[in-house]
Amino acid sequence: MVEGIQSPAQVTYWLMTGRSLFVVLNLLGLACFFYIVSKRMTPLIRGERDWRFDRPLVRLERVLQFWLGQWKHPRYRTAGIMHILFFAGFIILATQAFSLLILGIAGNFVLPGSSGEIGHIYDIVKDYAATIVFLCMIVAAVRRIVFKPARYAVPARYGKGHPVDAIFLLALIALLMASESLFEASKAAFQTQQGQPVEFLAALSLPWMLKNVLISTPLPTLQTLHLGAYFVDVLTFYFLLCYRPFGIQFHVETSLFNVYFAKLDRGTVKPVRWGVTDEHLDQVKSFGVKTFEDFTWKHMLDFYSCADCGRCSEQCPANAVGRPLSPRFITIKARDYSFQHYPMFGSAGNGTPLIGGIYSEDEIWSCTTCGACEEECPLLIQYIDKIVDLRRGMVDDGNVPQSLQKPLKALESRGNPYGKMEKKRAEWTKSKEFSQTCAVKTVDGKSNADTLYFVDSITSYDDRMQSIGRATARILDAAGVNFGILGAAEKDSGHDARRFGEETLFMALRDHNVDAIKASGVQHIVTSDPHAYNALKHDYKDVPPVEHISQVICREVKSGNLKLDPVENADSVYAYHDPCYLGRHNQVYDDPRDVLDAIPGLKRVEMDRCRDRSFCCGGGGLMLFYEPKEDQRMGVKRVQMAAEAGANVIVTACPFCMVNIEDAIKVAGLEGKMTAIDLAELVDKQLVRPAPAQLGHDKLTSDVLA
Ligand code: SF4
Ligand code: SF4
């Protein structure tokens, strides 16, 4: 009688039956894993609340898109495709891994539903999957050892990298694939030699190749290889399972949950404490994050889920100009802290202050809240909420940079960061030439304006930016919009006060503005400031719908209500710079571009970093008052990007971008070669207007032309 190959369950090892041995091994492996994970979960249980249980269908859809569909990975083509391949391989091989573990206990185990045609197809797919994952591990190791992509590097100030750890993990996964393949190949070679029905192996797959190598190997050796491969496979599987929670590979376990519970609403900032209303905030003992345990459980889950791929930091403008901030290390340092203070054995350490401990003050103030890091992260890890929370903690301790103290005081006392008089807020409407061509009324509930132009502080008070205000007003007027402003009743939107951690100041500004807006009786709001737009849209409640002026212009141009003259200078090449709070945070990318493309004869180029990868110009709001340590200004880098794209005019749609870019043009020595203009100014300049006689005006003057 021809003897078949013995399965791992049938063999007796050291006086123990295979079945009993593998029951013990499986139980031990699982017990270790659950013990380790329970230890890792301890800080999450101690962490602050976070409400992530709403909109389950939306969350499931995002899991399908970002986790299963690996949506963001191809943004980095080579690494992304490799990740998609080995992720798909892992998903396919998960069933195989489960079947193999059971096989040690029940020798003839076949997963229900996996026999017949379906099983045959699965066998082919899994053989190729194991081969692809094996090859991907080799390519990934070669990339790390030979090519060393810059984004994996660890700058000296952040400690040391862990390349050996990364390669060790890649080697373990490759070993898992090899042992699984050898297990099958040795069995197939055995069956071939014995003339038994041979298990199908997909041609050119790793198991198929190994089978061909082993085809003449003596039967006892094949039997040993079969059992040895099984042992290695089971031990490697459980070692990997238990080792992953000690490093970056923990994301294999946590990423699904991290994506499911990811933040859903763009442009928003988390409340000071989930579950505590504004009215009860005075009962909160301490604001913001001061110790690790002040982070919410979801923010801690973020720390565990980071794959250390470095994409966030590579896109971070603060990191690019040498500010002491690299978002990746915000996570890595917190994760290291958690591992250290919540050890596997012994009790957890007491919360020590994070600022001055693992983070520096400058690091946390350096962020412009541009959102590039969050846009890039394939695992939807958030940074802005954490940074705002850390700032709230510092503000709560009275720890605010010197240069920010004056504007913050002025915001409190005068409602604008410049300390200017409230009654001067509408001065920009009063210049003779402007008021002759465009009458701007103040909405007060008695006026019959249906649209509010929310101007905000910089456009109201800054001499240069007032031009944007006047251009906006003229455009609204030309479009026939019945609009007005709040004038002295308007205060700063508070957008950046909130993002600088001054929550109570923000609330006071918001409440004042909401009352004024409600009293005005308007049904729509328009603004030319993306920061005000973001605040009104996301931070304010119970106010009429808001639009950015670029959206209004786009609609009016497309409907034919506004017509635009051709550009005068055919040599000008325009590049549009996406303001972070219009683009990334609110997804308004096309409207400003459509407006530019509607200007006859306008030549437009795109910078390499555009749309959702736009490079922040240096930040707006209070960031204008902060002087970070940096090697180069972000604005200068941005202006250079425009020059490299072949542009000589940068168009933006934000007064803060205008400050930074105009300043950067001077610093970069590009005066005379490069200019900057706001979209509203450009449209105002190109507007086809009725002849002056029809208007009854002697002269129409544009600030831009003046
Ligand atoms: S929000 Fe912008 S500046 Fe802040 S860490 Fe992220 S990429 Fe860097
Ligand atoms: S936070 Fe996201 S993008 Fe940044 S290193 Fe971690 S996984 Fe990569």
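**Notes on cavities, a pocket and cysteines**

1. The largest cavity holds about 150 Å³ of space. Its lining is made up of 20 residues, and those closest to the cavity's centre are T368, H531, Y581, G619 and G620. Please keep in mind throughout that the model is predicted.

2. By class, the lining of the largest cavity comprises 11 nonpolar residues, six polar residues and three charged residues. The structure has six cavities of 30 Å³ or more in total.

3. The second largest cavity has a volume of about 130 Å³, and of the 16 residues that line it, P417, D492, D496, G621 and F656 lie nearest its centre. Helix 18 (457-461) and helix 20 each supply at least two residues of that lining, with helix 20 giving the most, namely three residues. The lining of the second largest cavity divides into seven nonpolar, five polar and four charged residues.

4. Turning to the open spaces, the second largest pocket contains about 790 Å³ of space. It is lined by 28 residues, among which L103, F109, V110, K187 and E199 are nearest the centre of the pocket. Helix 3 (77-103), helix 4 (116-147) and helix 5 (163-194) each contribute at least two residues to the lining, and helix 4 gives the most, with six residues. In the lining of this pocket, 14 residues are polar, nine are nonpolar and five are charged.

5. How many disulfides does the structure hold? The count is zero, and for C610, which is in no disulfide, the nearest cysteine sulfur is that of C580, 13 Å away. C610 counts as buried because its relative accessibility, 16%, falls under the 20% limit. C438 is also buried, since its relative accessible area is 2% and the limit is again 20%.

6. Which residues come nearest to ligand 2? Of the 13 residues around this ligand, the nearest are C306, C309, C312, C377 and Y383. Sorted by class, the shell around ligand 2 has nine nonpolar residues, three charged residues and one polar residue.

Conventions:
Residues numbered from 1 in each chain as written. Chains lettered and ligands numbered in written order. Predicted model: local features only at pLDDT ≥ 70, side-chain atom pairs only at ≥ 80, totals over all residues. Heavy atoms only, no water. 1 Å grid on protein atoms, 1.4 Å probe; cavity = no way out; pocket = protein on both sides within 12 Å on 5 of 7 lines; lining within 4 Å. Points joined across faces, edges and corners; volume = space filled by probe spheres on them. Helix = DSSP H or I, 4+ residues; strand = E, 2+ residues; numbered from the N terminus. Nonpolar A, V, L, I, M, F, W, Y, C, P; charged D, E, K, R; others polar. Disulfide = S-S within 2.5 Å. Buried < 20%, exposed > 50% of the residue type's maximum accessible area, 1.4 Å probe, protein only. Near = heavy atom within 4 Å.
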